[in-house]
Amino acid sequence: MLKRESVRDKVFVVVNYTLLAIIACLMIYPLIYVLSASFSNPARTVLGDIWLFPKELTLDLYVKVFQNEKILIGYRNTIIYTVFGTFINLLFSVMIAYPLSRKDFYGRNMITVFIMITMFFSGGMIPTYLLVKDLGMLDTIWAIVLPGAVSVYNVIIMRTFFQSIPNELHEAASIDGCGNISFLLKIVMPLSMPIIAVMTLFYGVGHWNAYFDSLIYLNDESKFPLQLYLRQMLIQEDMSGMSSASDNAISEHLMQIEGLKYAVVIVASLPMLVLYPFLQKYFVKGVMIGSIKG
């Protein structure tokens, strides 16, 4: 019986690792393809010659990307929106989650229910737009960072993490004359670095990849984020000034645009890909601790 169970366990492990390897390949290959295409001659990409490794290695596409003033402006705006927006997200999430985690906070269960209702019901896009417009936030950074300043799902995870901190620490701090704000800043926050790192990753990736709010609320191109420029590049082929050009010139132009798409995708994704390995250990620990208690 023990031998049969051992064989079953081995079969399960082999099947499990095989499926995970297949899934990993399916997820990693598109990134490898885009990376290879960004370093290849655009003509080879259009002809479908690239499968895994770059063909006719070149850095011309990246040179053109960083010479494009709009992309550099978008990069700057995206960094500003991501840093400032993530800071506001973390600030508001902590301000909501910490009081709701305290057992001596009267009415916390009712407030939690009210907050959770917003996960299932909302005013809709048009009422939200009208509200942002009436508040005078159109075409400003506030229209990007304030409407989604709080994620209820993330608040619940953070609240659950705060609940795992022993109440005895608060009692000991109170005896020493530590107030609620001092306890939060000096004791709770240093102990909450794992969940703070997780929330930073969640909110940061969300801001970095966001473009829909910018598409709705921003009219000034100088305030567009990188993802909005990337969207324009992916769905539009700028043919300005090419109407009187020869067919060969137009074909070469289209090939350059096709290659630039891959280069811009890599440039737009690289910061998050670099950041994730440094936050991975906190990511796993924070989510696991945040899911222990209900």
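**Note on a helix pair and a cavity**

1. In this predicted model, the lining of the largest cavity draws at least two residues from each of two helices, α5 (108-117) and α8. The residues that line this cavity are L100, T112, I115, M116, V155, I156 and R159.

2. As to its extent, the largest cavity has a volume of about 40 Å³, and the structure holds one cavity of 30 Å³ or more. Sorted by class, the residues of the lining comprise five that are nonpolar, one that is polar and one that is charged.

3. Turning to the packing of helices, α4, which spans residues 69-101, lies against α8, which spans residues 152-163, with an angle of about 45 degrees between them and with their axes 8 Å apart. The two helices, α4 and α8, are therefore described as oblique to each other, and the crossing in which α4 passes α8 is right-handed.

4. On the side of α4, the contact with α8 is made by S93, V94, I96, A97, Y98, L100 and S101, while α8 contributes V155, M158, R159, F162 and Q163. Taken by class, this contact of α4 with α8 comprises eight nonpolar residues, three polar residues and one charged residue.

Technical notes:
Residues are numbered from 1 along each chain as its sequence is written. This is a predicted model: local features need pLDDT of at least 70, side-chain atom pairs count only at pLDDT 80 or more; totals for chains, interfaces and linings use all residues. Side-chain values use heavy atoms; hydrogens and water are left out. Axes are lines fitted to C-alpha atoms, for helices over the stretch in contact, and angles run from 0 to 180 degrees between N-to-C directions. Helices (H or I, at least four residues) and strands (E, at least two) are DSSP runs, numbered from the N terminus. Angles under 35 degrees count as roughly parallel, over 145 as roughly antiparallel, 65 to 115 as roughly perpendicular and the rest as oblique. A crossing is left-handed if the near helix is turned anticlockwise from the far one by less than a right angle, and right-handed if clockwise. Contact means heavy atoms within 4.5 Å. Ala, Val, Leu, Ile, Met, Phe, Trp, Tyr, Cys and Pro count as nonpolar, Asp, Glu, Lys and Arg as charged, and the others, Gly among them, as polar. On a 1 Å grid over the protein atoms alone, a cavity is a set of points where a 1.4 Å probe fits but cannot get out, and a pocket is an open set with protein on both sides within 12 Å along at least five of seven lines; lining residues have an atom within 4 Å of a point. Grid points are joined across faces, edges and corners, and a volume is the space filled by probe spheres set on the points.
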